Amino acid sequence: MAMFEYFPGNYIWNLSVDIAIESGAQIGEIEEICRPIREAAAKGADAGTAQFFDAWYAMAEKLVMLADEDEAKGRTFSAATKLHRAALYYQTAERMQARTYAPRWEAFRKGIATFQKAMALSKEPYERIEIDYLDGKVPGFLTLAESTDGNPPPVMVFCNGLDSSKEMLYWTRMSRELRRRGVSVLHVDQPGTGESLRTHNLPAVYNTEAWASLIVDRLQQHPGIDPKRIGMMGISLGGYYAPRAVAMEPRFALGAVWGANHDWAEVQRRRLNREGENPVPHYWEHVRWVWGAKDQDEFMELSGKATLDGVLQNVKVPFLVTHGEKDRQIPLEYAHKSYEALVNSPKRELKIFTDREQGVEHTSVDNLANARDYIADWIAETFGTVTG
């Protein structure tokens, strides 16, 4: 095992801690947050989630106060750094709660507002974009790269997994690595995630091209984007969403997955049999909410369509499949299934992250850095930008 396991035997809580660390948390803050709740963690992933919430939320509140002190002195870069961590801690607290846990909604709102303020104070490139979809909107934000060849840069649409957000995508630092390689990034809260779900009540759908094609429409109209070099990548459950979109929307120029999720329908059947680990507490309640299902039977029917069997032969552009060798959520065999199905891709690649370079856990949560660099280099080389 390669994960840092602060809470022995509690994979779900450890996953949240590791995501936070890899997203920019400070180890001293992690210690202050987690030490008082170690006993609660021993009771199981679901039982102590209110205590988990309180601990992470309190640290976020403290950092906001410290950032206010910095800002009052004109130290806005320092304030922004603290606000990024505060937003991360708000979101870490929120994503672990049951839908019915009322305090999560304030944490969600504060997390979004704090992130936006952090981006403004740090003067980082940030352009909010909202795509009309059904009766709501799919929110995202664009971080533009500089051109490396005199033409508008290419762009990657980066989509979430089951329980992440566009802000969490940003904290993977993938956009930083792609931008310095000359590739812009649009981080999106697609239906079933982030603001799309919480603010606009848009549930997940299996036919991801329904919203992904609308994103392509918008990006092709953007003056800072090369309309012929739009790619898509996804992380975790995005390892299903992104390949499906690339297969069904021919305007995508390439695709990549950070964790292959070839048959999420089968994953649900396995989880009913307690095979593999869950990503969040209150798992079945969470997935019913994400997919807009009134009960378990309807959820199983909806999720039963989330398979890439018979789909990936439609991919006719370059595609990268990556997976951690010791992924405890999604079977390694799915990476091989996706790769083998990409029979019409002119440039397909399978990369399994092993103990040699780390990144062996689900979506490389044990070490984002080496996996992130590998994916960013492949995208840059395929788009024809720079890697150094």
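## Aromatic pairs

W264 and F299 are both buried, where buried means under 20% relative accessible area, exposed over 50% and partly exposed in between (1.4 Å probe, protein chains only). This is a predicted model, in which local features need pLDDT of at least 70 and side-chain atom pairs count only at pLDDT 80 or more, while totals for chains, interfaces and linings use all residues. Residues are numbered from 1 along each chain as its sequence is written, and side-chain values use heavy atoms, with hydrogens and water left out.

The structure holds 23 aromatic pairs; rings of Phe, Tyr and Trp (its six-membered ring) pair if their centres lie within 6.5 Å, and planes under 30 degrees apart count as stacked, over 60 as edge-to-face and the rest as tilted. One of these pairs is tilted: F115 and F141, at 5.3 Å centre to centre with 45° between the planes. F115 belongs to helix α6 (residues 103–122) and F141 to strand β2 (residues 136–143), so this pair ties together parts that are 26 residues apart in sequence. Helices (H or I, at least four residues) and strands (E, at least two) are DSSP runs, numbered from the N terminus. Both F115 and F141 are buried. Ring pairs also link F4, Y6, F7, W13, F52, W56 and Y89 into a cluster.

## Charges over rings

R348 lies over the face of Y339, at 4.4 Å from the ring centre; the criterion is NZ of Lys or CZ of Arg within 6 Å of the ring centre and within 35 degrees of the ring normal. R104 lies over the face of W105, at 5.7 Å from the ring centre.

## Salt bridges around K166

The whole structure contains 32 salt bridges, each a side-chain nitrogen of Lys or Arg within 4 Å of a carboxyl oxygen of Asp or Glu. K166 counts as buried, at 1% relative accessibility. Its side chain meets that of E167 in a salt bridge (2.9 Å, N to O), and E167 is buried at 2% relative accessibility.

K166 also forms a salt bridge with D189, the closest N and O atoms being 2.7 Å apart. This pair links distant parts of the chain, 23 residues apart: K166 is in helix α7 (residues 166–171), and D189 is in the loop between β4 (184–188) and α9 (194–198). A further salt bridge joins K166 and E195 (2.4 Å, N to O). Here helix α7 is linked to helix α9, with the two residues 29 apart. E195 is buried, with a relative accessible area of 8%. Salt bridges that share partners join R128, E130, K166, E167, D189 and E195 into one network.
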